[in-house]
Amino acid sequence: MKKKFVYFVMSVSVLISCSSPNGGNDKAKLIASIDSIQKNMFNAKTMQLDKNLAFKGINAYKDFVKKFPDDSIHSAEYLFRLSDLSRGVGDNRNAILYLGQITKTYPTFKKIPECIFLQGYYYQEFFADTTSAKIFYNQIIEKYPSHPFANDAKELMKMFGKSEQ
């Protein structure tokens, strides 16, 4: 019962914060649509991603970011999810581009260190591009030296040129 109350309060807060004369209703509808798609996109029983819903989610995220770029809280998070979803459907190039868009457009987003690290990791993992990976790994090491991803970046760079055994 307590969970339902908290969920209700959060939902009302989102709806109130989205109410404005300039498209607030559209914003609330789009957020609700995104929430619905997200809930059904991954089948916990089969551990499979529903690709049709994944592509609907991709389009919904893009639509939100395009319509509401000044909503830094939702747009940054939706770009992050868009990157992850793109990677999940095999669109690794766009996964990297969305992470880059976050770092440029929303530099105060709480997941910036992760965005920087993942760009490097995706270049290394999906494109075997250690030159690009190194740029992002060094960036996280310099900007966030005490972040756990900085240590991961250092370790991954040590592996450059070594074959997996």
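Residues are numbered from 1 along each chain as its sequence is written, and side-chain values use heavy atoms, with hydrogens and water left out. Because this is a predicted model, local features need pLDDT of at least 70 and side-chain atom pairs count only at pLDDT 80 or more, while totals for chains, interfaces and linings use all residues.

User: In what order do the elements of the protein chain run from the N terminus on?
Analyst: Helices (H or I, at least four residues) and strands (E, at least two) are DSSP runs, numbered from the N terminus. The protein chain has 8 helices and 2 strands. Their order is α-α-β-β-α-α-α-α-α-α.

User: What percentage of the residues in the protein chain is buried?
Analyst: Buried means under 20% relative accessible area, exposed over 50%, and partly exposed in between (1.4 Å probe, protein chains only). The protein chain has 165 residues, and the buried ones make up 36%.

User: Among contacts between residues at least 6 apart in sequence, what percentage joins residues at least 24 apart?
Analyst: A contact means heavy atoms within 4.5 Å. Of the contacts in the protein chain between residues at least 6 apart, the part joining residues at least 24 apart is 47%.

User: Which helices do tyrosine 61 and tyrosine 78 link?
Analyst: Rings of Phe, Tyr and Trp (its six-membered ring) pair if their centres lie within 6.5 Å; planes under 30 degrees apart count as stacked, over 60 as edge-to-face and the rest as tilted. The structure holds 12 aromatic pairs. In one of them, tyrosine 61 and tyrosine 78 lie 5.3 Å centre to centre with 40° between the planes, a tilted pair. The two residues are 17 apart in the chain and link helix H3 (residues 51-67) with helix H4 (residues 72-88).

User: Are tyrosine 61 and tyrosine 78 buried or exposed?
Analyst: The relative accessible area of tyrosine 61 is 4%. For tyrosine 78 the value is 3%. Under 20% counts as buried, so tyrosine 61 is buried, and tyrosine 78 is also buried.

User: Why is the pair of phenylalanine 80 and phenylalanine 109 classed as it is?
Analyst: The ring centres of phenylalanine 80 and phenylalanine 109 are 6.4 Å apart and the planes stand at 55°, so the pair is tilted. Phenylalanine 80 lies in helix H4, and phenylalanine 109, 29 residues apart from it, lies in the loop between helix H5 (92-105) and helix H6 (112-127). Both phenylalanine 80 and phenylalanine 109 are buried. The class asked for rests on the angle between the planes, 55°.

User: Which ring has the charged end of arginine 93 over it?
Analyst: A charge sits over a ring if NZ of Lys or CZ of Arg is within 6 Å of the ring centre and within 35 degrees of the ring normal. The charged end of arginine 93 is 4.0 Å from the centre of the ring, which belongs to phenylalanine 127.

User: Why do the buried residues of H8 line one face of the helix?
Analyst: The buried residues of helix H8 (residues 148-158) are Ala150, Ala153 and Met157. An α-helix has 3.6 residues a turn, so residues three or four places apart point the same way. The face turned away from the buried side of H8 carries the exposed residues Pro148 and Lys158. Taking the arc from the directions between the helix axis and the C-beta atoms, the buried residues of H8 line one face because they fall within 55°.

User: Which backbone oxygen does the side chain of serine 75 reach?
Analyst: Serine 75 is found in helix H4 and is buried, with a relative accessible area of 0%. Leaving out residues up to four places away in sequence, serine 75 touches Phe64, Val65, Phe68, Pro69 and Tyr106. A polar contact is a pair of N or O atoms within 3.5 Å; within protein, one must be able to donate a hydrogen and the other to accept it, and residues adjacent in sequence count only if both atoms are side-chain atoms. At 2.7 Å, the side chain of serine 75 reaches the backbone oxygen of phenylalanine 68.

User: What is the phi of methionine 47?
Analyst: Methionine 47 is placed in the loop between strand E1 (42-43) and strand E2 (48-49), and is exposed at a relative accessible area of 56%. Although methionine 47 is not a glycine, its phi is positive, at about 60°.
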